Amino acid sequence: MVKKTQSNSSHSTPARAIKAKVNHLNFYYGSLQALKDINLKVGEKQVTALIGPSGCGKTTLLRCFNRMHDLYPGNRYEGEILLDTDGINILSRKVDPIEVRMRITMVFQRPNPFPKSIYENVAYGLRVRGQSKRSAIDHKVEQALRSAALWEEVKDRLNDLAFNLSGGQQQRLCIARALATEPEIILFDEPTSALDPIATGSIEELISQLKKQVTILIVTHNMQQAARVSNYTAFMYLGEIVEFDETQKIFSQPSQKKTEDYVKGRFG
């Protein structure tokens, strides 16, 4: 059993605006407990990275934030994730998971554009939300594409199929789609693992820009990436958070030996 240190840096992070609080979260795939008493504070308009070896619970935790686990039978949450905007527990059965996914959007490991035009990919969430005024949709589509640093590359081909874009462009399109509904949090699940180094660099640069307007939670196996893009880092192991602190401290002066061993490549 890994010794938990959530009282250590715990989760007493420096004074900052908090966007979401995870309180005593447990998660089960059927009878298998995948997350164990997770407590975490996610800073507003900051990048929080989740690192750890494969199978440690990073993606499982990420997907709790937008209720993706609801899509499969037998999954179960205990505890709460509170949004500081209104104090709502997004894991409550009384909360509509569709609404949660509008407020907390997700960008996946591989680009997954819809089989639609570039324009309709970005407009999709707006239409789901009931927006029907063409001028309003046009404005938000352009705004989202600009925020995703894609507008100048696609403004003359908005009716082209999204699949005609390069891999890096497709991932930025997925980011634009995630931004269009003006979410409070964006979840990134290994967003550059399928991209070449140049496209990876552009996505990392984009994430650094996006944190000025939205809170970001990112899962990455790439520790150099976590060090480059994040403000805070949580190291996870066997379904628990071993250590959570400012990213610079996690990588230079971790307080737990397990964290030090991982970031120095001794296992994982």
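How many bridges join strand S1 (residues 18–29) and S2, and in which sense do they pair? The two pair in the antiparallel sense over eight bridges; strands here are DSSP runs (E, at least two residues), helices are runs of H or I of at least four residues, and both are numbered from the N terminus. Two strands count as paired if DSSP finds at least two bridges between them. Phe27 stands opposite Leu35 in S2.

This is a predicted model, in which local features need pLDDT of at least 70, side-chain atom pairs count only at pLDDT 80 or more, and totals for chains, interfaces and linings use all residues. Residues are numbered from 1 along each chain as its sequence is written, and side-chain values use heavy atoms, without hydrogens and water.

S1 and S2 belong to an open antiparallel sheet of four strands, ordered S2-S1-S4-S5. Its edge strands, S2 (32–43) and S5 (88–89), each pair on one side only.

Two pockets are compared below. A pocket is an open set of points on a 1 Å grid over the protein atoms alone, where a 1.4 Å probe fits, with protein on both sides within 12 Å along at least five of seven lines; lining residues have an atom within 4 Å of a point. Grid points are joined across faces, edges and corners, and the volume is the space filled by probe spheres set on them.

| Pocket | Volume |
|---|---|
| Largest pocket | about 490 Å³ |
| Second largest pocket | about 210 Å³ |

The largest pocket is lined by 18 residues, with Arg101, Thr105, Phe114, Tyr124 and Arg177 nearest its centre. Helices H2 (97–103), H3 (118–128) and H6 (167–179) and strand S6 (104–107) each supply at least two lining residues. The lining of the second largest pocket includes Arg67, His69, Asp70 and Tyr72.
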